Amino acid sequence: MEIRIDDLSGPEIKGLLQEHLNNMHEISPPESVHALDLSALKSPDVTLWSVWIEGELAGCGALKKIGPSHGEIKSMRTSQNHLRKGVAANLLAHILQESRRRQYTRLSLETGTEPEFQPAHRLYERFGFEACSPFGEYVEDPNSVFYTRSLQQFSPA
């Protein structure tokens, strides 16, 4: 499994991100979809990594700087062909390490409440994330759950 910074120019990553956006709009009401599109992911405050297994795109995830010491996880997605192979867990561990390297003291995220998001909830909780109030520019939303964790005592699950 290889995790690398992606410049978002390849057809594979563009396809996976479009699949991610489409899926978020299928599952959640439009006002509750907070996934970033390709142009937003190219922002200087966002780094996106892609995960490759034997030359095939297996997943992606991004880290967005939302404050001097606060990062947000965005665009976590595992390809259908690579579910339950540890792609998301390895990528999340990588993002946690990078957040700590950047000297962030907090890492947060927003995800959905629908049943399709339950595997993501379990993953984040396994890595020490706890439910929290909306952060940054988010507001209370019955279709969103917010998670955060301190990076003071970093130890991947």
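## How two helices cross

Let's start with a pair of helices: helix 3 passes helix 4 in a right-handed crossing. On the helix 3 side, Ala88, Ala89 and Leu92 make the contact, and they meet Leu123, Tyr124 and Arg126 of helix 4. Please keep in mind that this is a predicted model.

Two packed helices are described by the angle between their axes and the distance between the axes. Here helix 3 and helix 4 pack at an angle of about 40 degrees, and their axes lie 11 Å apart. That angle makes helix 3 oblique to helix 4, because values under 35 degrees would count as roughly parallel and those from 65 to 115 as roughly perpendicular.

## The sheet and its edges

Seven of them form an open sheet with mixed pairing, and their order is 1-2-3-4-5-7-6. Strand 1 (2–5) and strand 6 (130–132) are the edge strands, each pairing on one side only. On average, neighbouring strands of this sheet are turned by 30 degrees against each other, direction ignored.

Both helices pack on this sheet. Helix 3 touches strand 1, strand 2 (46–53), strand 3 (56–67), strand 4, strand 5 and strand 7, and its direction makes about 30 degrees with that of strand 3. Helix 4 (residues 118–126) touches strand 4, strand 5 and strand 7, and its direction makes about 165 degrees with that of strand 5.

Strands of a sheet pair through backbone hydrogen bonds, either parallel or antiparallel.

Strand 4 (residues 70–78) runs parallel to strand 5, and four bridges join the two. Within this pair, isoleucine 73 stands opposite leucine 109 of strand 5.

With strand 7 (residues 144–150), strand 5 pairs in the antiparallel sense over seven bridges. One of the residues to look up here is threonine 111, whose bridge partner in strand 7 is valine 145.

## Out to strand 6

Moving on from strand 7, we reach strand 6. Three bridges join strand 6 to strand 7, and the two run antiparallel. Cysteine 132 has phenylalanine 146 of strand 7 as its bridge partner.

How values were computed
Residues are numbered from 1 along each chain as its sequence is written. This is a predicted model: local features need pLDDT of at least 70, side-chain atom pairs count only at pLDDT 80 or more; totals for chains, interfaces and linings use all residues. Side-chain values use heavy atoms; hydrogens and water are left out. Two strands pair if DSSP finds at least two bridges between them. Axes are lines fitted to C-alpha atoms, for helices over the stretch in contact, and angles run from 0 to 180 degrees between N-to-C directions. Contact means heavy atoms within 4.5 Å. Angles under 35 degrees count as roughly parallel, over 145 as roughly antiparallel, 65 to 115 as roughly perpendicular and the rest as oblique. A crossing is left-handed if the near helix is turned anticlockwise from the far one by less than a right angle, and right-handed if clockwise.
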